[in-house]
Amino acid sequence: MSALSLVPNADRVAADAAALRAPLAIRGLTVSYGQQPAVFSVDMTLRAGAMTAIVGPNGAGKSTLMKAALGIVTPLSGRITAFGAPVELQRHRIAYVPQRASVDWDFPARVIDVVLMGMYRDLGLLGRVRAHHRDFARDCLDRVGMTDFADRQIGQLSGGQQQRVFLARALAQNADLYMLDEPFAGVDAATEKAIIAVLKGLRDEGRTVLVVHHDLATVAEYFDDVLLIATRKVAEGPVTQVFTADNLQATYGGRLATQQIDRLPGAGA
Amino acid sequence: MGADFVTLSLTPILIGALAAVACALPGNFLVLRRQALIGDAISHVVLPGIVVAFLITGAVATLPMILGAACAALVAVALIEAVRRLGRIEPGAAMGVVFTAMFAGGVLLLEQSDTSSVHLDVEHALYGNLESLIWLDASGWGSLTDPVALAGLPPELGRIALTLVAVALFTGIFWRPLALSTFDEGFARSLGIRTGALGLALVVVSALAAVAAFDAVGSIIVIAMFICPPAAARLMTDRLGAQVGWSVVFAILSAILGYVLAGYGPGWFGLGASVSAAGMIATVSGVILALAAVFGPRRRGAIVAT
Ligand SMILES: Nc1ncnc2c1ncn2[C@@H]1O[C@H](COP(=O)(O)OP(=O)(O)OP(=O)(O)O)[C@@H](O)[C@H]1O
Ligand SMILES: [Mg+2]
């Protein structure tokens, strides 16, 4: 055996070494709710300090992929690590914003109570909420422009305000990896700008951001990397390289007219 | 209010109030999770457990019956989970199947076996025997400090008090994860909270409260207390802690008012016999819910106005 025989594997070795430390590394992930797999044999590696979009049609398995990465749903198979360790050991470094419609906004809680939920791992079962917890929660509300709503019942918020509160709760988690499921769904342009500014701020602090995103027109503007998925992974990498008309066609099939793709900023053929 | 009250009314009122609070506490979370009918269902599924316990021991002993009821509740929870997973149907449908089947099984068992000689009938199951839980050893308020008289307290009082302590401890210790997983299960799981186990624990604790209350006051109060005080409390406030506080107040109020009205109410209206205390307590809790729905500051419509 000469050193030469190792050369063909050098790329893989380098990739695995990167995956070893990556904020999130997924290998061979398959998730199924019934007979049909929702996510099939997906590999992906998140680049640290980058903002990555998960893009794909409805039912493509975007939410499922995120939930599996967080250990919310149990996969059929696959290996998932966060920062080089099993996700269960890294929960304190991961923040999650579920789809807004997935919770009951009639729940008896005020805005500040929801933000404090982000500090659950600090507070534990019986730890008292102290002044510095409240101050930090108000700080997080301030960063999303919701200071004045701290004592408002959550059912009395607009959709965009609810989304901001969810983001504030994630900020309260003070994590290294942020996962957000469709944070721009049903929010107006002003809120979208506010949210993206906060996310870019996190990225600029060196944190990693992963977002399930639906609006193809803004992918190139908002994100560094993109993962295209339609049950299987279609492509992953920097937006400038993989956000192409061919890849989008493969992701969306006939559902997206070619001319439409051509008009997308950043989606060169 | 003198010696008569202490002998005849004090313990039933106390037992009624403790049972009501023990059911209302977990009821808050069940109502918020849209699982309120679990309380009702539990009181049905425990029937076969009680009958089996009777058939095994051959006597109407309380402890085996409570154990039998608790086992039946656990079997029901396990069956629901199995039906839901294997049948791939929604939880509500799975509960419906399991509860009906188990209740029917209990009725069949009851009919097939010779239980007619004992007091194991439908009326008892529904209304309990709250009025009979009197304190014969008491001779007045002074008996509260008399060890001999205290030893003669009805055993149901101790059992329901112990149950309430257990339920209150569970609610207090797991308050945060319970609230979190009720509001946002996905987020709770992402924090590492084992929401499945917690939900199961909530059902088991509810079953414990239901079984202990069932033993003392019958299933009609159990059903009412799981739902009415928490639902009324939700209409009073927008904070979880305050809601649970209100539900405790409403539960106690229902027990006291209901018992007094059942005992003395018919007399005030010139009617002869008194009515069932359990039935009246349930009725009062329903009236409180109706009042909260009309006047509660957080009822629908009132919120828009603020
Ligand atoms: N709890 C569930 N039970 C059964 N099937 C599910 C469940 N959640 C998702 N699915 C199915 O799994 C597939 C992937 O769903 P998923 O929610 O991950 O898609 P998505 O890409 O997030 O879609 P969307 O853009 O609509 O949010 C879909 O076919 C969906 O019907
Ligand atoms: Mg989704």
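Hi everyone. Between chain B and chain A there are two salt bridges, a salt bridge being a side-chain nitrogen of Lys or Arg within 4 Å of a carboxyl oxygen of Asp or Glu. In one salt bridge, the side chain of B:R34 meets that of A:D104, at 3.4 Å from N to O.

A quick word on the source: this is a predicted model, where local features need pLDDT of at least 70 and side-chain atom pairs count only at pLDDT 80 or more, while totals for chains, interfaces and linings use all residues. Residues are numbered from 1 along each chain as its sequence is written, chains are lettered from A and ligands numbered from 1 in the order in which they are written, and side-chain values use heavy atoms, leaving out hydrogens and water.

About 2700 Å² is buried between the two chains, and carbon and sulfur atoms give 58% of that. Buried area here is the accessible area (1.4 Å probe) that two parts lose on being put together, summed over both. On the chain B side, B:R176, B:F183 and B:F187 lose the most area to chain A, together 29% of what that side buries.

Now for A:L199. Leaving aside residues up to four places away in sequence, A:L199 touches A:M51, A:L167, A:L180, A:F184, A:V209 and A:V211.

Definitions and conventions
Contact = heavy atoms within 4.5 Å.
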